[in-house]
Amino acid sequence: QVRLVESGGGLVQAGGSLRLSCATSGRTFSSDAMGWFRQAPGKEREYVATISWNGGSTHYADSVKGRFTISRDNAQNTLYLQMNSLKPEDTAVYYCVADVSSRGIRPAQTMGTRWADYWGQGTQVTVSS
């Protein structure tokens, strides 16, 4: 069974930091692009960031650029999202995803969710003001 399991969420004050992890099992994603989405209450799921299969290329939503860093450790089958300078508007459930149709960054990954083949169950991030 393929599983993506996020962890590291929690409650943090504005300006603080959190590091999310996504551990994968059941198949290897070391040749696939991966990414993060988030969904705030009452809002649609929103693209956050993607990373190529070897970590050589990354892309971020404008809303998180300069504050978040996506990375991966293929030897550990783990995807990360380092979140700094957190704002209350970053409050959401964060999901990791895998794109088995692509090794790299592609435009479709920033447009909707259809490109994401596998999803984790999500981890809650709450930023207080």
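The structure is a predicted model, in which local features need pLDDT of at least 70 and side-chain atom pairs count only at pLDDT 80 or more, while totals for chains, interfaces and linings use all residues. Residues are numbered from 1 along each chain as its sequence is written, and side-chain values use heavy atoms, with hydrogens and water left out.

The protein chain contains 11 strands and zero helices, where helices (H or I, at least four residues) and strands (E, at least two) are DSSP runs numbered from the N terminus. Followed along the sequence, the pattern reads β-β-β-β-β-β-β-β-β-β-β. The radius of gyration, taken over C-alpha atoms, is 13 Å, close to the 14 Å that the globule rule gives for 129 residues, so the protein chain is as compact as a globular protein of that length. That rule is 2.2 Å times the number of residues to the power 0.38. The C-alpha trace spans about 40 × 25 × 25 Å along its principal axes.

Of the 129 residues, 43% are buried; here buried means under 20% relative accessible area, exposed over 50%, and partly exposed in between (1.4 Å probe, protein chains only). The accessible surface of the protein chain comes to about 6,400 Å², and 45% of this surface belongs to carbon and sulfur atoms; such areas come from the Shrake-Rupley method with a 1.4 Å probe, and for residues only the protein chains shown count as cover. The chain carries 13 positive and 10 negative charges, whose mean positions are 2 Å apart. In this count Lys and Arg are positive and Asp and Glu negative, with His and the chain ends not counted; each charge is placed at NZ of Lys, CZ of Arg, CG of Asp or CD of Glu.

Attention now turns to the interior. In soluble globular proteins, nonpolar side chains tend to be buried together. A nonpolar core is a set of buried Ala, Val, Leu, Ile, Met, Phe, Trp, Tyr and Cys residues joined through side-chain atoms within 4.5 Å. The largest such core has 32 residues, and Trp36, Leu81, Met83 and Tyr94 have the most contacts inside it. At least two core residues are supplied by each of strand 3 (18–25), strand 4 (33–39), strand 5 (46–51), strand 7 (68–73), strand 8 (78–83), strand 9 (92–99) and strand 11 (123–128). Strand 9 gives the largest share, five residues.

Individual residues show how these parts meet. Beyond its neighbours within four places in sequence, methionine 83 is in contact with Gly16, Ser17, Leu18, Leu20, Arg67, Phe68, Tyr94 and Val125. Leucine 20 belongs to strand 3 and is buried, at 0% relative accessibility. Not counting residues up to four places away, leucine 20 touches residues including Trp36, Leu81, Met83, Tyr94 and Val125.

Leaving aside neighbours within four places, alanine 49 contacts Met34, Gly35, Trp36, His59, Tyr60 and Ile70. Threonine 50, also in strand 5, is buried with a relative accessible area of 1%. Threonine 50 and tryptophan 36 are 14 residues apart in sequence and 6.5 Å apart in space, C-alpha to C-alpha.

The loops present another setting. Asparagine 74 sits between strand 7 and strand 8 and is partly exposed at 28% relative accessibility. With neighbours within four places set aside, its contacts are Ser30, Trp53 and Asn54. Asparagine 77 is in the loop between strand 7 and strand 8, and is partly exposed at 33%. Most residues other than glycine have a negative phi. Asparagine 77, however, has a positive phi of about 55°. Serine 85 likewise has a positive phi, near 50°; this serine lies in the loop between strand 8 and strand 9 and is partly exposed at 41% relative accessibility.

Terms used:
Contact means heavy atoms within 4.5 Å.
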